[in-house]
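Here's a quick tour for anyone opening this structure for the first time. Have a look at the sequence and the model, then follow the notes below.

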Amino acid sequence: MKPTERSFVRRIDLTSLQLFVAVCELGSIGRTAEREFIAASAISKRLADLEEALGTSLLYRHTRGVDLTPAGENLLHHARSVLFSLEKMQGELSEYADGVRGHVRMHASISAIVQFLPEDLGAFSRRHPQVKIDLEEHLSSEVVRAVQEGAADLGICNASALSHGGALQARPYREDHLSLIVPSGHPLAERETIDFMETLDFDHVGLHANSSLYLAMHHAAGDAGRSIRLRIRITSLDAMCRMIDNGLGVGVMPERAFGLMHGVGDLRGVPLTNDWAARQISLVARDFDSLPVTARALVDHLTEASSELAVAA
């Protein structure tokens, strides 16, 4: 850190940042003083000192309250980020006092969560019972963004989403293959395999419009000058199966995920023959080598599990 940067850090007071954010949210120094049980004059003094330390005006003061200057809007963005990071730090460090010796934040796509992660994370937790894993389900594009922005240490997503992933690093995790799911009495139910174009004459039950699966389907149909007759859009694979079983259309999902949907209707899975139906699922991080020890241990476990599955296959 340069001397000028150290001087800047010393001039910034966290309490003043908290009060600045509160004033911005309430739009008034007076209302902030009432909520925080601090004299309005004391808040005004802290804000004036903050403006002096930064060398710029942060607020337009008027009789109705305050408005942000352009510099104030910029500071508000950074102040919220700093305070949020401090809250996260406090929460994570408190877990060490409670006996949790590691913490990994992971975001993953629904395909990875349904097909692979229950067994893989279960095995890891049995080996490392004092490591806490926070797992959130998101669309592949959102997984990439969360890792880019530091909201997640690790991500697991469809490899196609990495075209927008900037400088993220990726490692192979698993592969899956897409199948068409139809009721057992459907005209396509007895097919051994099928080209996706042959499904476009039927109504579809689809996932979220921004999911990697739906985007692949949409692009394939568009390239052929066709469109998908989307009758209903849902957010989970078991809901898709139930809708298909009740005659609302056909659907596309990973073959292994369908195999895990035990007892969800009288359905058939017909593998798609299209190249894009064979998908790579990737582990992503900003820098695998700079991850915390516990996150690197999880990466090693997941890649080891992937290698063992490939050998067994």
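Let's start with Val82, which you'll find in helix α5. Keep in mind as you go that this is a predicted model.

- Val82 is partly exposed, because its relative accessible area of 37% falls between the 20% and 50% cut-offs.
- Together with Leu14, Leu86 and Met89, Val82 makes a nonpolar surface patch of about 310 Å².
- Helix α5, which covers residues 70-97, gives the most to this patch, with 3 residues.
- In general, an α-helix has 3.6 residues a turn, so residues three or four places apart point the same way.

**Helix α2, from one end to the other**
- Helix α2 takes in residues 14-26, 13 residues in total.
- At the start of α2, Asp13 gets involved: one of its side-chain oxygens comes to within 2.9 Å of the backbone nitrogen of Thr15.
- After α2 comes Gly27, and its phi is positive, near 75°.

**Glu51 in helix α4**
- Glu51 sits in helix α4, which runs over residues 40-54.
- Is Glu51 buried or exposed? Glu51 is buried, because its relative accessible area is 12% and the cut-off for buried is under 20%.
- A polar atom of the Glu51 side chain lies 2.8 Å from the backbone nitrogen of Leu58.

**Strand β6 and its partners**
- Which way do strands β6 and β11 run relative to each other? Strand β6 (residues 169-183) and strand β11 (residues 278-285) run antiparallel, and 8 bridges join them.
- One of the residue pairs here is Gln169 with Ala285, its bridge partner in β11.
- β6 also pairs with strand β9 (residues 251-254), again in the antiparallel sense, over 4 bridges.
- In that pairing, Leu178 has Pro254 of β9 as its bridge partner.
- Strand β10 (residues 267-271) is joined to β6 by 5 bridges, and these two run antiparallel as well.
- Look for Pro183 here, which stands opposite Leu267 in β10.
- As a rule, the side chains in a regular strand alternate between the two faces of the sheet.

How values were computed. Residues numbered from 1 in each chain as written. Predicted model: local features only at pLDDT ≥ 70, side-chain atom pairs only at ≥ 80, totals over all residues. Heavy atoms only, no water. Patch = residues over 30% accessible without salt bridge, like charges linked within 9 Å, V, L, I, M, F, W, Y side chains within 5 Å. Areas by Shrake-Rupley, 256 points an atom, 1.4 Å probe, with all protein chains shown as cover. Salt bridge = Lys/Arg side-chain N within 4 Å of Asp/Glu carboxyl O. Buried < 20%, exposed > 50% of the residue type's maximum accessible area, 1.4 Å probe, protein only. Expected span 1.5 Å × (residues − 1). Polar contact = N/O pair within 3.5 Å; in protein donor to acceptor, adjacent residues only side chain to side chain. Pairing = 2+ DSSP bridges.
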